[in-house]
Amino acid sequence: MTIWYYTVGQEREGPVSKEQVRALIASGKIVRDAYVWREGMANWEIVGTHPEFADTFVAPLSVKPPPLPFASKAPDGEQNAMRPWRRFWARLVDIMLLGPLLAAAIAFTLAAWAPSVYIYISSMERPMLDVLLLVALLPITAVALALCMTLFDTTPGKALAGVQGRVPHGTNRLFFYLAREFRVWFSGLGMGIPVFLPIALVVQYRRLVSCRAASYDTASQPIAVNARRSLIPAIALAVVLFAGHVFLWNEGDRAATYFIGKQVWANPINGKETLLPSFWNFQPLNSSSETEIQFATDDLLALDASARARGKQHADDSNADVGSRLVLSALFGHDTLGWDGITPEKYASIIDGMAGKLWTRSSDWRPVEIEGFKALRATGYSRDPSRVDVETTLIVQGRDAWQVSVSTYDNSPDQLRERDRFLSALLQTIK
């Protein structure tokens with residue numbers, strides 16, 4: 001007895017005999033544009049035009065059958081085939097391309113708006129951090145891919161691999177793609193959970209190679225592929241992206257002290273937080289007020305006055321560590337002005353009168369713009385025996401006046417870079 005298989009929508013049914021196929025046609029379960037196949041046939045064929053069943057249909061074929069993933073050819077060079085590997089490479093390119101970009105955007109956002117969360121995540125052990133990134137980034141990537149499909153009808157990976165989805169007529173494109181991407185995330189990628197991810201991939205692969213639709217697809221959304229499109233560019237890009245990921249992870253390990261060696265400092269005036277390197281120490285200038293904060297690097301506290309005066313020698317010492325080269329101190333202050341309309345220049349003259357015993361200004365106050373603020377800045381040197389260089393920045397916003405004075409002990413490139421980073425970090429808290 002010859003065994004036949006037939007389709008209902010995009011699902012394969014059977015095996016049945018030839019007589020059963022005729023009975024199903026008569027009952028209406030097998031429609032004219034369904035597909036049938038038996039052993040010995042090269043491809044699936046439309047039942048309404050197959051010689052063994054054409055006489056069962058009395059009406060002529062009036063509509064073109066919809067393309068199925070396992071049909072051999074389509075008019076425009078596309079094939080509606082399951083093609084699991086082609087779809088796999090397309091998805092892999094999209095994830096590896098968009099994932100790092102989204103991770104970087106999230107990292108910058110956390111560092112700016114939630115420094116304590118950023119430090120907590122950055123200080124996690126590597127395996128746990130990898131799992132967290134995978135689980136957290138996949139749903140965010142799903143949203144990005146849905147937006148990309150809505151706007152451009154394709155994604156970078158799909159464009160390279162020649163894969164195309166179709167939106168059912170009358171369906172909202174954004175909602176359709178969002179729903180599909182989250183079905184892919186849940187049942188196709190196992191939500192990124194390492195235990196479930198390989199299982200989900202194997203299950204979907206087996207469905208596709210057995211000519212069944214993936215569990216996240218439906219009969220109304222056939223996936224088309226261009227069989228003429230070479231898959232080599234997609235594979236090559238995936239390999240390059242993977243190598244880039246490995247390089248970035250290794251570089252991340254080297255720079256671990258930069259990310260982990262951070263601490264959160266909260267501005268006592270408004271409570272806003274920022275990140276500072278862990279080698280900075282800070283405390284109120286005196287116990288009666290929290291409006292002036294004194295900062296110093298760790299090794300400044302360990303140096304006596306004579307050693308500080310020899311800061312240049314420390315910087316040139318080839319055996320000195322990074323901390324020894326970053327000998328800085330700073331004073332961060334805030335004043336609440338008594339009335340509106342005090343200009344930065346007027347406030348600068350007040351500062352000159354108050355700080356004259358502590359430092360000697362060697363330049364005029366000059367206007368500068370830093371971190372979006374219009375400020376005044378002057379340079380000078382301290383009046384203690386070390387005579388270290390001092391740079392003071394003043395900002396006036398309504399009745400709030402801020403000042404930051406940073407002392408550098410030899411003006412080495414390391415010190416100047418850290419001075420600028422420190423100033424930028426503190427000014428983030430007054431925006």
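The structure is a predicted model, in which local features need pLDDT of at least 70 and side-chain atom pairs count only at pLDDT 80 or more, while totals for chains, interfaces and linings use all residues. Residues are numbered from 1 along each chain as its sequence is written, and side-chain values use heavy atoms, with hydrogens and water left out.

The protein chain contains 15 helices and 17 strands; helices (H or I, at least four residues) and strands (E, at least two) are DSSP runs numbered from the N terminus. Of its 431 residues, 39% count as buried, where buried denotes under 20% relative accessible area, exposed over 50%, and partly exposed the range in between (1.4 Å probe, protein chains only). Among contacts with a separation of 6 or more, 60% are accounted for by residues 24 or more positions apart, a contact being defined by heavy atoms within 4.5 Å.

An open sheet of four strands adopts the order E2-E1-E3-E4 with antiparallel pairing; two strands pair if DSSP finds at least two bridges between them. Strand E2 (11–16) and E4 are the edge strands, each pairing on one side only. Strand E1 (residues 4–8) is joined to E2 by four bridges in the antiparallel sense. Within this pair, Thr 7 has Arg 12 of E2 as its bridge partner, and Trp 4 stands opposite Val 16 in E2. The hairpin of E1 and E2 has two residues between the strands, and Gly 9 there takes a positive phi near 65 degrees. E1 also pairs with strand E3 (residues 35–38), again in the antiparallel sense, over three bridges; Tyr 6 stands opposite Val 36 in E3.

His 50 counts as buried because its relative accessibility is 5%. With neighbours within four places in sequence left aside, His 50 is in contact with Trp 4, Val 36, Met 41 and Glu 45.

Strand E17 (residues 400–408) is mostly covered, eight of its nine residues being buried. Nine bridges connect E17 to strand E12 (residues 328–336), and these two strands run antiparallel; Asp 335 stands opposite Ala 401 in E17. Strand E16 (residues 389–397) is likewise joined to E17 by nine bridges in an antiparallel arrangement, with Thr 408 of E17 as the bridge partner of Asp 389. In the hairpin of E16 and E17, two residues separate the strands, and Gly 398 takes a positive phi near 60 degrees. In general, the side chains of a regular strand alternate between the two faces of the sheet.

Helix H6 (residues 173–188) has as its buried residues Phe 176, Tyr 177, Arg 180, Glu 181, Val 184, Trp 185 and Gly 188. These residues lie on the same side of H6 because they cover an arc of only 165 degrees around the axis, the arc being that of the directions from the helix axis to the C-beta atoms. Phe 175 and Phe 186 are exposed on the other side of H6. The N-terminal end of H6 is capped by Asn 172, a side-chain oxygen of which lies 3.1 Å from the backbone nitrogen of Leu 174. After H6 comes Gly 190, with a positive phi near 55 degrees.

Two packed helices are described by the angle between their axes and the distance between the axes. The axes of helix H2 (residues 84–113) and helix H7 (residues 197–209) come within 10 Å and cross at roughly 140 degrees. H2 is therefore oblique to H7; angles under 35 degrees count as roughly parallel, over 145 as roughly antiparallel, 65 to 115 as roughly perpendicular and the rest as oblique. Axes are lines fitted to C-alpha atoms, for helices over the stretch in contact, and angles run from 0 to 180 degrees between N-to-C directions. At this packing site, Pro 84, Trp 85 and Arg 87 in H2 meet Tyr 205, Leu 208 and Val 209 in H7.

Leu 133 is located in helix H4 (residues 126–152). With a relative accessible area of 27%, Leu 133 is partly exposed. Leu 133 and Pro 100 are 33 residues apart in sequence, and their C-alpha atoms are 9.9 Å apart in space.

Conventions. Polar contact = N/O pair within 3.5 Å; in protein donor to acceptor, adjacent residues only side chain to side chain.
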